Amino acid sequence: MTDRSLLILPGDGIGPEVMAEVRKIIDWFGTARGISFTVSEGLVGGVAYDAHGTPLTDETMEQAQNVDAVLLGAVGGPAYDNLDFSVKPERGLLRLRKEMDLYANLRPAQCFEALADFSSLKREIVSGLDIMILRELTSGVYFGEPRGIHREGNERVGINTQRYTESEIARAARSAFELARRRSNKVCSMEKANVMESGILWRDVVTEVHAAEYPDVELSHMYADNGAMQLVRAPKQFDVILTDNLFGDILSDCAAMLTGSLGMLPSASLGAPMANGRPKAMYEPVHGSAPDITGQGKANPIACILSFAMALRYSFDLGDEAKRLEAAVEGVLADGARTADLMGPEGGTPISTSEMGDAIVAKLAA
Ligand code: NAD
């Protein structure tokens, strides 16, 4: 037993394939660096439905609540597309996020030098890019009431409500300022205070939290539409971007494409600190279960491996080890190792999922 616990939920499709490579990395840290983890494994998504008739059992939910970090692969697939909404694979994921109250979703957009030509933007605009988007994940317009579609006279009306309390804004803001202190110490908060009252409150509360608790961090504010423009015009001006659930959904997808392949993108979702001081946490690649390439050894495991690097940094305060792992990924890419999704127009021979995992372990050991 160690004092670092992980629950691994590989899920469906390529989830188990990419997670197998993360297991190699975890083992390497144990044997080579003396940094070990107590690892348990469970089912989520379609495989959980097949075994138990539910995408997440109460037992697995309970386990997730009692570990330092959950590492999730991916859920979903065509076999489950026609299931009732209440037992669809995604419900397992949503239940984890909701019951663990993971209110801060972190998505880095980092450009690896060897892949700078993969971006849809010019190399000089993205080369060296390293930004982090913090999206509030548990409130806002996706959850606000009233909502629904009803009749008014002879037509239908669709309603959603953007609603934020001060405490919801403040806790997201604190997460962003804490993050910035570990990075380049800058936060840019994005909302639409020019046209939305919830945006005015957002700006006020972020400003108050900043003045009272984080005056050492540089804070700026930007309207979210301008933020979208700036992200594609000059993304390197940002360090941490703090934004709400709706704008964060859009801005983080936009930022993701600055760096190229879906197979490269990690994420973290964090909640309140637990009794041991570590935040509730779940780490997962941004991509889905990729049924089109499942079982073919084609999946890129880097998004999942970089998600584990985020766990090292944010759950276990092992920032130097996270950097070591990220440098190994960077090194392997610089050597020219590419899974099929990273093959450029110049061609070449792609390596398999497990060869990529092995190459990263070898680079760690070098
Ligand atoms: P997807 O991310 O699974 O795949 C989109 C495309 O990217 C596919 O061509 C796929 O082959 C490729 N791709 C994705 N990850 C890759 C990787 N690691 N290496 C190489 N190529 C990769 O999205 P989709 O096709 O829209 O959805 C497939 C299933 O996944 C659906 O059931 C969907 O609901 C589910 N999904 C789950 C999550 C999640 O678990 N968080 C997220 C998105 C979609």
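**View 1. Helix H3 and the elements its buried residues pack against.** In this predicted model, the buried residues of H3 pack against strand S1 (5-11), strand S3 (69-74) and helix H4. H3 spans residues 58-65, and its buried members are Thr60, Met61 and Ala64. Seen down the axis of H3, these buried residues fall within an arc of 105 degrees, so they line one face of the helix. Turn to the other side of H3 and you will find Asp58, Glu59 and Glu62, which are exposed. As a reminder, residues three or four places apart in an α-helix point the same way, because there are 3.6 residues a turn.

**View 2. Helix H8 with its buried and exposed sides.** Here the helix runs through residues 224-233, and Ala224, Gly227, Gln230 and Leu231 are buried. Those four residues sit on the same side of H8, because they cover an arc of only 105 degrees around the axis. Which exposed residues does the face turned away from the buried side of H8 carry? They are Met229 and Arg233. The surroundings of the buried residues of H8 include several strands: S5 (130-136), S8 (186-191), S9 (218-223) and S10 (240-243). Helix H9 (245-256) also packs against the buried residues of H8.

**View 3. The packing of helix H1 with helix H10.** Two packed helices are described by the angle between their axes and the distance between the axes. For H1 (residues 15-33) and H10 (residues 302-314), the angle is about 40 degrees and the axes are 9 Å apart. That angle makes H1 oblique to H10. The crossing in which H1 passes H10 is right-handed. On the H1 side, the contact is made by Val18, Met19, Glu21, Val22, Ile25, Ile26 and Phe29. H10 contributes Cys304, Ile305, Phe308 and Leu312.

View 4. Most residues other than glycine have a negative phi, and most peptide bonds are trans. Aspartate 101 has a positive phi, near 55 degrees, and is a residue other than glycine. Look for aspartate 101 in the loop between helix H4 (89-99) and strand S4 (104-110). Aspartate 101 has a relative accessible area of 32%, so it is partly exposed. Asparagine 185 is not a glycine either, yet its phi is positive, at about 70 degrees. Asparagine 185 lies in the loop between helix H6 (166-181) and S8. With 24% relative accessibility, asparagine 185 counts as partly exposed. Lastly, the peptide bond from glutamate 145 to proline 146 is cis, with omega near 0 degrees. Proline 146 is found in strand S6 (residues 144-152).

View 5. Threonine 138 has its place in the loop between S5 and S6. Is threonine 138 buried or partly exposed? Its relative accessibility is 22%, so threonine 138 counts as partly exposed. Which residues does threonine 138 touch, leaving aside its neighbours within four places in sequence? Its contacts are Asp101, Leu102, Tyr103, Phe143, Arg171 and Asn245. For a sense of scale, threonine 138 and glycine 45 are 93 residues apart in sequence, and their C-alpha atoms are 20 Å apart in space.

Terms used
Residues numbered from 1 in each chain as written. Predicted model: local features only at pLDDT ≥ 70, side-chain atom pairs only at ≥ 80, totals over all residues. Heavy atoms only, no water. Axes fitted to C-alpha atoms, helices over the stretch in contact; angles between N-to-C directions. Helix = DSSP H or I, 4+ residues; strand = E, 2+ residues; numbered from the N terminus. Parallel < 35°, antiparallel > 145°, perpendicular 65-115°, else oblique. Left-handed = near helix turned anticlockwise from the far one by under 90°. Contact = heavy atoms within 4.5 Å. Buried < 20%, exposed > 50% of the residue type's maximum accessible area, 1.4 Å probe, protein only. Arc of directions from axis to C-beta.
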